[in-house]
Amino acid sequence: MAANVAPIAAAAAYDAARVRRDFPILATHVNGHPLVYLDSAASSQLPQPVLRAVEDYETHSHANVHRGVHALSQAATSAFEGARERVRRFLNARSTREIIFVRGTTEALNLVAQSYARPRFGAGDEILITALEHHANIVPWQMLCEQTGCTLRVAPINRRGELVHEEFAQLLNSRTRLVAIAHVSNALGTVLPVKRLVEAAHAQGAVVVVDGAQAVPHSRVDVRALGADFYAFSGHKMYAPTGIGALYGREELLAAMPPWQGGGDMILTVSFEKTTYNDLPWKFEAGTPNISGAVGLAAAMDYLESLGIEAVAAHESRLLALATAELAQIPGIELIGTAAHKASVLSFTLAGVHAHDLGTILDSQGIAVRTGHHCAMPVMTFFGIPATARASFGCYNTEDDVARLVAGLGRAREVFG
Amino acid sequence: MDLKDLYRDVILDHNRHPRNFGRLEGAGADGEVLHADGHNPLCGDRLSVYVVLNGERVEDIRFEGSGCAISTASASLMTEAVKGKERAAVAKLFDQVHTLLTRHDAAPDAALGKLAALSGVREFPARVKCATLSWHTLNAALEQGAATVSTE
């Protein structure tokens with residue numbers, strides 16, 4: 001009984017109009033129309049509490065971290081390390097030693113490729129990825145293969161944009177040293193069953209790296225429950241500023257890895273004969289970090305949890321279902337990515353109208369969508385299309401945004417008659 | 001900005017029914033089909049331009065590929081405009097098109113003919129590359145730079 005009632009109660013409680021008021025940029029007019037922002041999968045907008053946290057930090061607490069005995073340096077260090085603890089709690093990691101601040105998902109994945117895999121892998125070793133990966137989870141592994149002689153294997157997807165599990169299982173073998181998978185596909189919205197894939201990979205002795213960029217804004221991520229060895233994400237897709245993200249890594253793996261970049265902060269002592277490296281997590285954070293970014297990221301996590309990640313996810317999932325049903329009614333629309341389990345992304349083409357033209361026509365009506373290959377060219381090649389238009393939903397989108405999108409697509413059909 | 005300025009009837013017509021579309025096989029008077037590929041990585045537009053010269057004159061030209069309405073129509077209009085022209089005249093025309101696409105104060109040159117329909121593109125800076133892709137690719141073909149031209 002309670003289980004049946006709960007989702008309805010949650011639906012009634014979520015007030016998207018109130019959430020919108022937290023995001024000043026949503027009051028913008030674009031080309032004479034109130035902005036409809038449907039590009040959160042590329043980069044989400046920032047709410048007042050995040051903007052304020054960054055400004056407060058820069059106004060009252062800024063100095064360099066881990067360096068001074070003076071009051072501001074201590075304030076900055078405590079803000080920065082406090083943010084690390086916030087990230088640990090958000091991901092349910094065991095220790096802050098497992099949280100490395102990076103620029104974003106891309107840097108995190110490159111760190112794993114260069115510091116974990118490069119010293120260990122060689123000819124005969126295999127890396128397994130899926131056909132729905134973002135370029136950031138393809139290219140670092142291709143570079144690694146060139147550097148070490150290991151081989152990249154790609155598990156295929158089906159026409160709905162779902163991973164073909166039988167083929168994944170076949171490609172996974174004792175030569176597989178590392179499996180790198182998206183949690184949620186940025187181009188198709190497909191949610192991968194990460195826990196199950198991790199179990200299969202571990203059974204073959206492979207470590208698993210998860211690209212969580214599209215998952216963290218839409219679901220509660222518990223790295224221990226997932227069993228992932230590494231989990232990477234970016235702040236700017238979850239209402240935090242750009243240029244900050246984090247890599248979670250299991251401590252025993254991180255401890256055994258050499259530093260990635262050299263410089264200040266990642267050392268304990270330096271002489272010209274011998275340098276000793278700092279402890280985790282600072283061993284992987286050479287140079288002055290993005291302190292205000294980390295503060296903003298922590299504030300974004302507070303914000304998202306104040307709304308309730310589950311409530312946000314339920315709201316977005318209702319919008320996705322509504323938009324999917326509405327677009328299916330429009331002649332000439334083809335949805336690209338129709339997986340049974342999807343999150344927040346609606347990719348589509350309109351017959352006779354190239355995605356790039358669609359983007360311009362929607363923009364002229366104040367509607368922001370992403371058009372192009374979404375940094376997933378192999379996905380476009382698989383579906384035999386050069387590009388799609390992609391609407392993606394965040395905590396601030398509404399039914400009205402969906403209605404404006406539908407009307408905008410109607411206008412595109414008129415223009416191209 | 002007005003969509004009708006960008007998507008004029010001429011543009012929509014050339015997008016729907018591109019002229020001189022397809023691969024150019026066989027040999028011209030000089031015995032060679034010049035060819036180059038163009039790519040706009042931002043939006044995935046790809047096109048190939050094939051040219052046959054007779055001395056300095058563009059005897060025949062065709063293009064193929066897939067792209068947005070602006071890049072397809074621009075390529076189609078270009079093939080019509082340059083066919084029969086000397087290389088020097090083609091270079092001059094490209095200059096005039098470039099000015100048309102990027103300079104807000106430029107009045108369309110009478111010499112542009114139907115190409116003047118592209119003037120609306122300058123109000124949409126993100127789309128200028130779509131309109132110039134075919135011209136850059138034609139240049140590469142004329143210089144017989146077989147490498148792929150990129151707008152990025």
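**Exercise 1. The two domains of chain A**

How far apart do the C-alpha centres of domain 1 and domain 2 of chain A lie in this predicted model, and what forms the side of domain 1 of chain A that touches domain 2 of chain A?

*Solution*

1. Assign the residues. In chain A, domain 1 covers 2-43 + 308-415, and domain 2 covers 50-305.
2. Take the C-alpha centres. For these two domains of chain A they lie 28 Å apart.
3. Find the contacts, using a C-beta cut-off of within 7 Å. With this cut-off, 25 residues of domain 1 of chain A are in contact with 25 residues of domain 2 of chain A.
4. Assign the domain 1 side to elements. At least two residues each come from α12 (309-328), β14 (345-350) and α14 (377-383) of chain A. The largest share belongs to α12(A), with 5 residues.
5. Sort by class. This side of domain 1 of chain A holds 14 nonpolar, 8 polar and 3 charged residues.

**Exercise 2. Chain A against chain B**

Which elements of chain A give two or more residues to the side that touches chain B, and how do the residues of that side divide into nonpolar, polar and charged?

*Solution*

1. Find the contacts between the chains. They involve 15 residues of chain A and 15 residues of chain B.
2. Assign the chain A side to elements. Two or more residues are given by α13 (355-363) and by β16 (370-372) of chain A.
3. Identify the main contributor. α13(A) gives the most to this side, with 4 residues.
4. Sort by class. The side of chain A that touches chain B comprises 6 nonpolar, 8 polar and 1 charged residues.

Terms used: Residues numbered from 1 in each chain as written. Chains lettered and ligands numbered in written order. Predicted model: local features only at pLDDT ≥ 70, side-chain atom pairs only at ≥ 80, totals over all residues. Contact = placed C-beta atoms within 7 Å. Nonpolar A, V, L, I, M, F, W, Y, C, P; charged D, E, K, R; others polar. Domains from an automatic or database assignment.
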